[in-house]
Each structure stands twice: as structure tokens, then as C-alpha cells.
Amino acid sequence: MSHDHDRCNVNTLVETPGCSPVAGAVRWDPVHSLWNGGMMAASLLLAPILFSWTGLLVFVALTGATLLLGHSVGFHRRLIHRSFDCPLWLERTLVWTGTCVDMSGPLTMVRTHDLRDWAQRQSDCHDYLAHRRRPLVDGWWQLHCRLELAHPPAFNMGRAGGDRFYQFLEATWMAQQLPIALLLFAGGGWSWVVWGVCVRVTASVTGHWIVGHLAHRTGPQSWLVTDAGVQAHDVPWASIPTMGEAWHNNHHAFPGSARIGLNPGQSDWGYAFILLMERLGLAWSIALPERLARGKALTRVEPKNLHTSGVSAVDGASLSA
């Protein structure tokens, strides 16, 4: 495969003289705080009153579809890491679906991800970017605040930054719930709206934080990334609801890979969907670990020797998966 970029790089971030991921202040973010808090309040107050089995089914179906097609495949594996290529109309459809998860607009999601990705590869970074604080503090920070670095890097969003459709989604990401809510109301009334919008958004946003927190704190590891101040862990119980994203240790090792569940038994529905698109002629140039030449950047960790010195280097090309 020939590419005009390294799929394992942090693609949009530009290091500027003196930029640092350490010094900064966490400040309240009123837009995200009020939105996330409002969705949670509506879920806690209204969902029990308006419960219905069809509403629950709508919640499960829409949550699974938006997380799989939008957040995992559209946002993370395509827009951020460019781990496969596809037609622009399909990319935009997947990115719109990811916007409907309602964590933020697509360009903000790219910048937020790439800042954290870059910071965790440095020798040290701010506690906000490393998820170092105890859960209640980290949860407040991630769901209700933003980090303002004293010396931030710059960003070059490339083609996506100049895409008018993505600029539209960036400006209207909260409003994207309105057409969904109208369709749900027409189909099942307020029960479908509350469970299909409020509960879904709350579960997706809160679940994303919980898995992200655990994935940088504790759990199984197969790889260590050379010189990285923050190492990742897998969160096996979350592999299905995250569509394979919870194999986060694998992802830190091979960030440009379209496949994240690398070992037998590691469920990865996101990669399965990309393979389906490939069979339909809608995806190509799919990046896999054995093609990313990451051997010098990684050290293999044997699970039984995780807390000992028993580690050995491994070449990415030798990965059996």
C-alpha cells in the first residue's frame, strides 16, 4: 500500500516551539456540561416514568448502530486514524452517524483525540490527559470541563477541516438530535424520544468516559510503547458495547490499524464492519498491524510476567493475528 501519511502518526497535530502537554488549567466547559448534565437529568427523571419495552429496544438498537457505524468506524478508524479508505459520501454518512452519538462535533472530536494521543506519547502530560485523578474528579473533568494548556500545539485539520459538511456538523452537533427525536416521536411517542435520545446520549457519553478512564489505569496489557509516559490497558468486559475499541492496549501499540481486537476471542465488530464494506467494494487500503512496521516502538509483555522484568521485543510483522 502507498499512503501520503503514516497511519500511526498523530495526523492533525503540529508541534510548535515550546508546546507542552504538561502545564495547563482545567476549566468548566458550560456547553458540554449543560448538555451532558441535561441529558443525564432527563434520563434519570423521565426514563423510569416513560419506560416501555419498545423504547428499550430503540435505545439498544440506536446505541449499537451509532457507536458501531459512527463512533468506532466513522470517527475513530476513518476520520481520525485513516485506517482504511472509502468513498467520500460513505465517509460523510459515517461521520454524521458519529456526530449523532453526541459527544461533540467531528472536528472537535479529532482535535480532542489527537491532543490526548500526542500527550500520552510524551514522557509526561497533564493529569487531565492521562486520566490520573480518582474517578469522581476525572469524571467531572472529562464530562463537564476542558483543558486549557499554557503552551498548546497547533492543528492542521487538512481536507476534513475544509469540508463544509463537517463544518456544518461542527456548528450543529447538538441540533442533530432534533430530526432523530421527531422520527422517534412519530413512531413511539415520548417513551421513544427519552430512551432513543436522552438515555442513549447519556449512556454513550458516560460509557465512553468510564472505558477511557479504565483503559489508562488498570487491566491486561500485551504491549508497552517505547518512551510513552502513559501506557494503555485492555477493558475486556467492554469489548462488545464499544465495538472492539476497548482493546485499548492493542490500539496504543498499533494506532493506525483498522483491526483492534488482535488476539483470538477479542471481539471487534468495528473491524468486522470494515471487512463487510470491503466485500461490497466500499472500503480498501485497510491497514493491519503486520503492515505498520512498529517493531522498534514496542515491547511485548507476557501477561504472567506483567509485574516482573520478563519482557521481550517483538517485530510488528511477526504478529500472528
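Is Thr-99 buried or exposed? Select it: Thr-99 is buried, because its relative accessibility is 0%; here buried means under 20% relative accessible area, exposed means over 50%, and partly exposed lies in between (1.4 Å probe, protein chains only). This is a predicted model, in which local features need pLDDT of at least 70 and side-chain atom pairs count only at pLDDT 80 or more, while totals for chains, interfaces and linings use all residues. Residues are numbered from 1 along each chain as its sequence is written, and side-chain values use heavy atoms, with hydrogens and water left out.

**Around Thr-99**

Thr-99 belongs to helix α3, residues 88–99. Helices (H or I, at least four residues) and strands (E, at least two) are DSSP runs, numbered from the N terminus. Now show what Thr-99 touches, contact being heavy atoms within 4.5 Å. Leaving aside neighbours within four places in sequence, the partners of Thr-99 are Phe-75, Ser-104, Pro-106, Leu-169, Trp-173, Gln-176 and Gln-177.

**The cores**

Next, select Met-39, Leu-79, Val-95, Tyr-166, Leu-184 and Val-197, the residues with the most contacts inside the largest nonpolar core, which has 30 residues. A nonpolar core is a set of buried Ala, Val, Leu, Ile, Met, Phe, Trp, Tyr and Cys residues joined through side-chain atoms within 4.5 Å. Colour α1 (30–46), α2 (53–80), α4 (106–121), α8 (164–171) and α9 (177–215): each supplies at least two residues of this core. The largest share, nine residues, comes from α9.

Centre on Val-197. Not counting residues up to four places away in sequence, Val-197 touches Met-39, Gln-177, Ile-180, Ala-181, Leu-184 and Trp-192. Then move to a second, separate core of 16 residues, which includes Val-10, Leu-13, Trp-118 and Cys-145.

**Aromatic rings**

How many aromatic pairs does the structure hold? There are eight. Rings of Phe, Tyr and Trp (its six-membered ring) pair if their centres lie within 6.5 Å; planes under 30 degrees apart count as stacked, over 60 as edge-to-face and the rest as tilted.

Select Phe-165 and Tyr-166, a tilted pair at 6.1 Å centre to centre with 50° between the planes. Phe-165 counts as partly exposed because its relative accessibility is 28%, whereas Tyr-166 is buried at 0%.

Go on to Trp-223 and Phe-254. Their ring centres are 5.2 Å apart and their planes are at 85°, so the pair is edge-to-face. The two residues are 31 apart and link distant parts of the chain: Trp-223 is in strand β5 (residues 223–225), and Phe-254 is in the loop between α10 (248–253) and α11 (269–279). Both are buried, Trp-223 at 3% relative accessibility and Phe-254 at 1%.

For a cluster linked by ring pairs, select Phe-51, Trp-53, Phe-59 and Trp-195.

**Along α2**

Where does α2 bend? The bend is at Gly-74, by about 40°, taken as the angle between axes fitted to the seven residues ending there and the seven starting there. After α2 comes Arg-82, with a positive phi near 50°.
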